[in-house]
Structure formats: structure tokens, C-alpha cells
Amino acid sequence: MARKQFDLIVFDWDGTLMDSTATIVKSIQAAARDLGLPIPSREAASHVIGLGLAEAMQAVLGPGVDPKYYARMVERYRYHYLAKDHELTLFDGVLEMLEALTQQGYFLAVATGKSRVGLNRALNAAKLLTTFAATRCADETFSKPHPAMLQELTRELGQDLKRTVMIGDTTHDLLMAQNAGSAGIAVEYGAHPVDQLHACQPLFSARNVPELHAWLDANA
């Protein structure tokens, strides 16, 4: 059967495949607490998820905080996140969805705000090291919503941006897709509020992984 719309499906990691949003938020808040800085709200901490770590810490602290704290926030965040990292799990249905898409012949990739070391550790723990044809991390190129990750992934895999879809739980993911000229699909169970995701006019918005899987099966 002819492929409907896409050849390459690119996933965000945190909040899209991995159930890590709450842990990231708590780690950001704990890092600020360690340094005696104003503790960001859950909404503020959630909003920076998906950005590269350095960009995220700068954004969540805001312009009124001395830049000397940026690197210390990164260090304290890593300390708290790594203490919980081993407890994180994939969302229900993710493994089945990825296996089905692989069997259907799609190219699968990851574009994430994680570091290369962090993504490789997560892929290894989830036993997904051989699942994705290519991956791109925020410490290797421009952070979302810059289009570089999608541009580089399509170039590496010989794919067309117009036949590529980016799936993510943040506006950073959807805006990156727009900036690259690709389609975007939102998932509503991650970091950003549904109204903000819908404002980016995604091709589809999934309430859970089974709904995402069913849409991809019927439409991708």
C-alpha cells in the first residue's frame, strides 16, 4: 500500500516517549532551591522543557538573575535529575507503537533537548538503541525551535522535509517543524498546555499514545 504522507517520523523524547516531565520540573525547582534563587512555578519550569539545558536554565531564571548562576543551575539540575533518572519509564504503548512503525518501513528519528550522553543513557535503559535511524541532541546543534535538528536529520537520512513529521509535547517542537517546513503533531500528555499546542496548528493532537498510534496507522 502506498505511503500516505510521511517517510520520516521524528519524535521528541522527554514528555513524548518518556514519562519524565514531572521529574524534570522537580529537578529544576530543586536546583533553584539549592542556590537560594526564586523557585520557578510548575508552569514556568514546564515551559522550558525541550530546550537545550543551558538555554532552559537561562530562560527559567529570567533576565533578573546574575548570569553566574546559569552554570550552577545546570550542575544542580543534573544532580537532582540523575538521582531519579533510573526510575523513569516510557509511556504505555510507546514500545508497541515504535515496533509497528518500524515494521511498516518508516524511518524513525529523535530530536531532543537532551544531551548526547543523556539520550544515549535513556535509549540504552529503554532498550531502544537500535530503533532509531538517526538522533539529534541539543548539545550537537541549535536548540529548538531552530530548524537545524530536522534539517540535519533529513539530510543524514536522505529524506524530504515535506515528507517528515515532528511529534512533540511542546510548542518548541511544533515551531521547529514549522520553521523547517515539516508537519507537526502534538501530544497533550507532556509539558505544554493544550491551548498553547493548538495555537501552533498541528496536523493532529493526540490525547495519549494509543490515540497517536492509531492516527499514524491510519494517516501517516
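Reader: How many salt bridges does the structure hold?
Author: This is a predicted model, and the structure holds 12 salt bridges.

Reader: Why do such pairs form at all, in general terms?
Author: Side chains of opposite charge can pair when their charged atoms come close.

Reader: OK, what about D12 and K144, how do their side chains meet?
Author: The side chains of D12 and K144 meet in a salt bridge, with 2.9 Å from N to O. This pair links distant parts of the chain, since D12 lies in the loop between β1 and α1 while K144 lies in the loop between β3 and α7, 132 residues apart.

Reader: And are D12 and K144 buried or exposed?
Author: Both D12 and K144 are buried.

Reader: What about E152, which residue does its side chain meet in a salt bridge?
Author: The side chain of E152 meets that of R136, with 2.8 Å from N to O.

Reader: Then R42, which residue forms a salt bridge with it?
Author: E43 forms a salt bridge with R42, and their closest N and O atoms are 3.2 Å apart.

Reader: Why does R42 count as exposed?
Author: R42 counts as exposed because its relative accessibility is 52%, and the cut-off for exposed is over 50%.

Reader: Changing topic, where does V10 lie?
Author: V10 lies in strand β1, which covers residues 8–11, and V10 is buried, with a relative accessible area of 0%. Leaving aside neighbours within four places in sequence, V10 is in contact with several residues, among them A109, L150 and V165.

Reader: How far apart are the C-alpha atoms of V10 and G184?
Author: The C-alpha atoms of V10 and G184 are separated by 9.5 Å, although these residues are 174 residues apart along the chain.

Reader: Now the whole chain: how many helices and strands does it have?
Author: The chain has 10 helices and 6 strands, and of its 220 residues 55% count as buried.

Reader: And what is its radius of gyration?
Author: The chain has a radius of gyration of 17 Å, which agrees with the value near 17 Å that a compact globule with 220 residues would have. Taken along the principal axes, the C-alpha atoms fill a box of roughly 60 × 30 × 30 Å.

Notes:
Residues are numbered from 1 along each chain as its sequence is written. This is a predicted model: local features need pLDDT of at least 70, side-chain atom pairs count only at pLDDT 80 or more; totals for chains, interfaces and linings use all residues. Side-chain values use heavy atoms; hydrogens and water are left out. Helices (H or I, at least four residues) and strands (E, at least two) are DSSP runs, numbered from the N terminus. The radius of gyration is taken over C-alpha atoms; the globule rule is 2.2 Å times the number of residues to the power 0.38. Buried means under 20% relative accessible area, exposed over 50%, partly exposed in between (1.4 Å probe, protein chains only). Contact means heavy atoms within 4.5 Å. A salt bridge is a side-chain nitrogen of Lys or Arg within 4 Å of a carboxyl oxygen of Asp or Glu.
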